[in-house]
Amino acid sequence: MDPIEIAVVAVLCVFAIAAANTLAPKLRIAAPLLLVAVGVAVSFLPAMPEFDVDPEIILVGVLPPLLFAAARAMPVMDFRRDFQAIGALSIVLVVVSALVLGLFFEAILPNVDYAFGVALGAIVSPTDAVATATIKRLGAPNRIVTVLSGESLFNDASALVVLRAAIAATAGGISFGGVVLNFLWSLIAAVAVGVAIGLISGRLRARIRNTAVATAVSFTLPYIAYIPAELIGASGLVAAVAAGLVSGLSAVKYLTAAHRQSDVQNWRTVEVLLEGWLFLMMGLELWTLVVEVSNEHESWLHALWPAAVALVMILALRWVFVVPMVWLLERRSRRIIAHEQTLAAMKDSLDPLEDADTRGRRYHSIIDRRLADIDYYRTESMGVREGTVVVWGGLRGVVTLAAAQTLPADTPYRALLILVAFFVAALSLTIQGGLMGPVLRALKLPDQSALVRAEKKRLRGEMIEVGREVLSDPAVVGEDSLIAQQVELLNELENPEDEEHDDAQVLERRIATAKELRRIRRRVVAAQRRRLLELRNRGAYSSAVLTAELAQLDAAELSISG
């Protein structure tokens with residue numbers, strides 16, 4: 001295509017993405033599903049040429065920033081609390097699913113050995129971070145969203161490592177021990193690289209005053225983490241995720257409100273465009289795959305029934321895995337909750353040492369965090385109904401299609417395998433995604449809105465108390481109650497009958513009053529933010545409530561600056 005045609009296609013894609021995101025809520029359908037449907041419809045138009053996207057563009061160019069953006073928005077506190085479930089789903093379940101599905105694909109596809117079967121099993125095993133965002137939009141409980149989001153952030157790397165190992169095994173170039181070592185190195189080294197990049201970037205970006213420049217620098221972070229990780233043989237995607245988690249955690253500490261607001265708005269725009277483009281491309285590629293498979297195997301239906309069976313197997317394996325996992329999680333929660341009285345007694349015994357002893361303050365903080373975890377596990381329970389949502393909410397998406405296209409050119413039935421992967425993802429998005437709303441309503445999960453409102457009210461009370469403490473400090477407002485003086489002066493200057501002051505004097509005093517009030521307000525906001533960081537570190541409130549309160553403080557800070 002010439003530059004004009006490329007520009008026209010780009011504009012049409014943006015308009016399609018914008019239209020889908022606008023219409024989706026009105027049609028009560030997820031925007032990704034609508035974009036896939038649009039892409040499929042357009043792909044069958046007679047004038048539409050064959051469409052093929054290099055998988056490296058997705059794996060290297062698109063996924064790192066998307067996963068980084070999703071990770072930076074994830075509360076690290078919630079991630080820590082459900083790390084065991086996330087690790088089990090993103091690593092163990094992926095490996096088990098790939099091995100079991102390998103037997104199925106070996107049995108139904110002639111001339112495809114077990115190694116290639118495992119490779120295809122690894123391709124269709126990971127859930128998709130972009131597709132999983134649909135669950136959050138439908139109002140699923142916070143803990144379920146955390147588990148599903150965390151799983152989809154890390155299982156891409158697990159699947160790609162298994163995929164590469166399976167392909168290498170077809171040539172006899174790797175051993176079981178080599179697979180395990182490669183897997184561990186891919187995760188551990190990637191996490192180390194990502195954490196280092198996240199920590200360094202937070203401090204460096206804090207020195208950049210221009211918010212647009214700081215946000216532009218943030219756009220490079222996924223690749224700054226991805227590239228060195230890949231060069232040392234680790235997972236670049238995991239490195240991008242780790243960098244995103246650390247960046248999100250440090251943003252409140254190091255960046256100004258203007259920086260954070262710029263980051264949120266610009267990264268959200270990037271997410272909407274990239275994820276929309278991915279699902280649109282997924283639909284557009286259908287016709288090319290159908291034509292290729294039809295030429296080789298007479299009918300594309302040869303790919304549909306294996307995909308349908310594979311999806312059923314995936315859901316069955318997921319159910320078999322999640323049911324005991326949920327039971328173990330609830331058992332662990334009950335065991336942790338049983339220690340509440342002991343921890344409370346320990347906290348009472350440490351209270352006298354909190355202000356005088358550094359070690360006492362540290363132990364006090366640890367106990368507060370444990371007590372907050374107990375409140376979380378008591379409120380955010382994980383039972384059979386929640387487990388059902390975790391099973392049904394494991395949607396497949398564009399990662400499956402991109403990974404399938406990385407199969408070597410000499411792979412037997414390559415086009416058929418890619419179409420099978422496409423149908424698995426498409427069926428998952430259509431059936432699981434389309435029925436997610438009815439499933440959530442049918443399960444009648446506990447309504448936590450009253451608890452959230454009570455939590456917000458309690459936190460607002462703490463913020464008001466912090467403000468009172470600041471305003472009662474003579475070092476801030478002065479010995480003679482500066483606030484009262486300023487208010488009295490404002491009332492005096494606003495009296496239209498008062499003619500004792502000339503206009504210049506009135507203006508000067510008004511300016512001085514406004515500056516002084518802004519200075520005091522900044523001190524209040526700074527103190528409230530410090531308290532919020534302390535509460536976040538202790539896990540005293542839910543991440544959603546803390547995030548909402550922080551957004552209010554950021555808005556207040558920006559209004560003062562303005």
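How many aromatic pairs does the count come to? In this predicted model, the count comes to seven aromatic pairs, taking rings whose centres lie within 6.5 Å.

A pair of aromatic rings is described by the distance of the centres and the angle of the planes. One of the pairs joins F79 and F83, whose ring centres are 5.9 Å apart and whose planes make an angle of 65°. That pair is edge-to-face, because an angle over 60 degrees is counted that way. F79 is buried, at a relative accessible area of 10%. F104 and F105 make another pair, with 5.2 Å between the centres and 55° between the planes. This one is tilted, because its angle falls between the limits of 30 and 60 degrees. Both of its members are buried: F104 has a relative accessibility of 13%, and F105 has 1%. Elsewhere, F68, F219 and W267 form one aromatic cluster.

Another tryptophan, W185, sits in helix α9, which spans residues 176–205. W185 is partly exposed, with a relative accessible area of 44%. Together with I227, L231 and I232, W185 makes a nonpolar surface patch of about 440 Å². W185 can belong to this patch because patches are made of residues with over 30% relative accessible area, and W185 has 44%.

Helix α21 covers residues 436–443, and its buried residues are M436, G437, V439, L440 and L443. Seen down the axis of α21, these residues fall within an arc of 165°, so they line one face of the helix. An α-helix has 3.6 residues a turn, so residues three or four places apart point the same way. The face of α21 turned away from the buried side carries the exposed residues R441 and A442. Just after α21, K444 takes a positive phi of about 50°.

Helix α17, residues 358–379, holds S365. S365 counts as partly exposed, at 23% relative accessibility. S365 lies 18 residues from K347 in sequence, and the C-alpha atoms of the two are 9.2 Å apart in space.

The protein chain averages a pLDDT of 82, and 88% of the residues score at least 70. Among the elements of the chain, helix α11 (residues 221–231) has the highest mean pLDDT, 94. Helix α24 (residues 482–493) has the lowest, 53.

Conventions: Residues numbered from 1 in each chain as written. Predicted model: local features only at pLDDT ≥ 70, side-chain atom pairs only at ≥ 80, totals over all residues. Heavy atoms only, no water. Patch = residues over 30% accessible without salt bridge, like charges linked within 9 Å, V, L, I, M, F, W, Y side chains within 5 Å. Areas by Shrake-Rupley, 256 points an atom, 1.4 Å probe, with all protein chains shown as cover. Salt bridge = Lys/Arg side-chain N within 4 Å of Asp/Glu carboxyl O. Helix = DSSP H or I, 4+ residues; strand = E, 2+ residues; numbered from the N terminus. Buried < 20%, exposed > 50% of the residue type's maximum accessible area, 1.4 Å probe, protein only. pLDDT = per-residue confidence, 0-100. Arc of directions from axis to C-beta. Phe/Tyr/Trp six-rings, centres within 6.5 Å; stacked < 30°, edge-to-face > 60°.
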